[in-house]
Amino acid sequence: MEAINDVHVSEPGLIVVDVAAADDETAFAFHTALAARWATTSVERTTREAGQPGVRLRCYLDLRQPLNTPDNPCW
């Protein structure tokens, strides 16, 4: 994966999430669970590293956004 850009962690509450999963379905399911609660970047594909098991996925999360709960729907 490429290096983390300073802007992605320039303020408290901004997070870079690197996911390692057995397969695409699992990685995308995890991203969907994150996106249901917080503002995240969209993801379209995973990556595979030669000689390494599974897939990798990176997304960016903003914890400064209010939680999306039944008591506090933010979408």
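Me: New to this one. Leaving aside neighbours within four places in sequence, what is Ala21 in contact with?

Reply: Ala21 is in contact with Thr26, Ala27, Gly54 and Val55, once neighbours within four places in sequence are set aside. Keep in mind that this is a predicted model.

Me: Val55 again. Which residue stands opposite Val55 in E3?

Reply: That is Ala21.

Me: How do E1 and E3 pair, parallel or antiparallel?

Reply: Antiparallel, over eight bridges. Strand E1 covers residues 14–21, and strand E3 covers residues 55–62.

Me: And E2? How many bridges join E2 to E3?

Reply: Two bridges, and these strands run antiparallel as well. Strand E2 is 39–40. Ala39 has Asp62 in E3 as its bridge partner.

Me: How many residues of E3 are buried?

Reply: Eight of its eight residues, so E3 counts as mostly covered, with buried meaning under 20% relative accessible area.

Me: Which residues sit on each side of E3?

Reply: One side has Val55, Leu57, Cys59 and Leu61. The other has Arg56, Arg58, Tyr60 and Asp62. Both faces are covered.

Me: Let's switch to the core. Which residues make up the largest nonpolar core?

Reply: There are 10 residues in all: Val17, Val19, Ala21, Ala27, Leu34, Val43, Val55, Leu57, Cys59 and Leu61. Ala21 and Val55, from your first question, are both in that set.

Me: Which elements give two or more residues to this core?

Reply: E1, helix H1 (24–35) and E3.

Me: Which gives the most?

Reply: E3, with four residues.

Me: New topic, charges. How many salt bridges does the count come to?

Reply: Three. One of them joins the side chains of Asp18 and Arg58, at 2.6 Å from N to O.

Me: What does that pair tie together?

Reply: Asp18 lies in E1 and Arg58 lies in E3, so the pair ties together parts that are 40 residues apart in sequence.

Me: OK, what does Arg64 form a salt bridge with?

Reply: Asp62, with the closest N and O atoms 2.9 Å apart. Asp62 is buried, with a relative accessible area of 12%. Arg64 is partly exposed, at 44%. Asp62 is also the E3 residue that bridges to Ala39.

Me: And what about Arg56, which residue is its salt-bridge partner?

Reply: Glu49. The closest N and O atoms there are 3.9 Å apart. The cut-off is 4 Å, so the pair falls within it. Glu49 is partly exposed, at 35% relative accessibility. Arg56 is one of the buried residues of E3.

Me: Last stop, Arg48. Where does Arg48 lie?

Reply: In the loop between strand E2 and E3.

Me: Buried or exposed?

Reply: Arg48 is exposed, at 60% relative accessibility.

Me: What is Arg48 in contact with, leaving aside neighbours within four places?

Reply: Asp24, Gly54 and Val55. Gly54 and Val55 are also among the contacts of Ala21.

Me: How far apart are Arg48 and Ala20?

Reply: They are 28 residues apart in sequence. In space, C-alpha to C-alpha, the distance is 9.7 Å.

Definitions and conventions: Residues numbered from 1 in each chain as written. Predicted model: local features only at pLDDT ≥ 70, side-chain atom pairs only at ≥ 80, totals over all residues. Heavy atoms only, no water. Buried < 20%, exposed > 50% of the residue type's maximum accessible area, 1.4 Å probe, protein only. Contact = heavy atoms within 4.5 Å. Pairing = 2+ DSSP bridges. Core = buried A, V, L, I, M, F, W, Y, C linked by side-chain atoms within 4.5 Å.
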